[in-house]
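Let's take a walk through this structure, one piece at a time. Have a look at it first, and then we'll start with a single residue.

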Amino acid sequence: MSSNPTHHHRGESSVWSGLVDSYNAARLVIAVLAVVSATIVGTINAWPRGPGVLIVSATVAAHALIHRAQRSRSATTLIVVDAIAFATATFVMGIVSVALLSLAFTFISAAVLVRGARVYAIWLFDLAIIGLAMLLNRVMGLQPYDAAQEALSERVGIVFFTVALVAMTRTLVNRLRQIDYERRATKDQLSSYDSRYRAMLAYSSDGLAVTDAGLRLVELGPQNERLTGYSSNDRIGGSMLDLEIDEDRGALLEAYNKVVRLPDEPARFCVRIRRRDGAVRQMNATARNLLNDPDLEGFVFNFRDVTEEHELRRSL
């Protein structure tokens, strides 16, 4: 049976969605902490630029709430918004250590949450916008801090970013543990279902064959060898038509053409097959078109040996 890249992709997407949700929850907490930090610093320092940082932090908090309400899954959007917010705060404050910590936070966030080459584009964007903000602060000559104000702001900034990184790391680690537990539980459950399914097939009297669009065999049920005398290894890769009596191949092809035209309707037909020992057996069969099913991606044939019933009816 063919592998299922669609399911793998969906599982992977759900993992990243969970991480993005967790990151957004962490940034909401961080934004609230930033509002508190800006309020404290602005109050203690009588700092005229405090309201600017306060507004930026409140905006990020509002964006986190909107993102949660809309159930968006774009990590790129979150990190870009955060980088713009940090750049604005850097422009207002003009403290080198705060700019460097902002870069570290956004770089780590992008490395964890963004896949592929986009992470490099985001890193360049973060570096450019935060660096430009620091340059504009110097060029425009915004009111500088005195030594005491700058020292206090740096201490608060370091504490804030330390708490922010710890909060983000703990949230993402806890989410990864939860995702790992859920994936292992799902894997165990699927393994159990697979074992039960194979056991049911092993004790079933019906045969099962899965073919690709060209009727090439790609999977056979465990009853195949009992019904035909051929092992799965003998037949996988061969044509579904190989065992049919020449005169009956038209019935199989007619059923095949029907399910191609009407994929939602099964087609029933009767054929005779020649076993490995030369015996001819009468089979009732059903064909189904499951090309659009990502678990199978082929045609499924169920067949049952009705030779004895057929001979009994002929003798009456």
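## A buried residue in a loop

L215 is buried, with a relative accessible area of 5%; buried means under 20% relative accessible area, exposed over 50% and partly exposed in between, using a 1.4 Å probe and protein chains only. You'll find L215 in the loop between strand 1 and strand 2. Its phi is near 65 degrees, a positive value in a residue other than glycine. For background, most residues other than glycine have a negative phi.

Bear in mind that this is a predicted model, where local features need pLDDT of at least 70, side-chain atom pairs count only at pLDDT 80 or more, and totals for chains, interfaces and linings use all residues. Residues are numbered from 1 along each chain as its sequence is written, and side-chain values use heavy atoms, with hydrogens and water left out.

## The hairpin around it

Strand 1 (residues 207–211) and strand 2 (residues 217–220) pair in the antiparallel sense over three bridges. Pairing here takes at least two bridges found by DSSP. Five residues sit between the strands of this hairpin, and A209 stands opposite L220 in strand 2.

## The chain as a whole

The chain has ten helices and five strands. These are DSSP runs numbered from the N terminus: H or I over at least four residues for helices, E over at least two for strands. Of the 316 residues, 39% count as buried.

## Helix 9 and its two sides

Which residues of helix 9 are buried? They are L252, A255, Y256 and V259. They cover an arc of only 100 degrees around the axis, which puts them on the same side of helix 9; the arc is that of the directions from the helix axis to the C-beta atoms. On the other side, E254 and R261 are exposed.

The buried residues of helix 9 pack against strand 3 (267–274), strand 4 (280–290) and strand 5 (298–305), with contact meaning heavy atoms within 4.5 Å.

## Two helices side by side

Helix 3 (residues 75–93) and helix 4 (residues 96–113) pack at an angle of about 175 degrees, with their axes 10 Å apart. Axes are lines fitted to C-alpha atoms, for helices over the stretch in contact, and angles run from 0 to 180 degrees between N-to-C directions. Helix 3 and helix 4 are therefore roughly antiparallel to each other (over 145 degrees; under 35 is roughly parallel, 65 to 115 roughly perpendicular and the rest oblique). Among the residues making the contact are F86 of helix 3 and F105 of helix 4.
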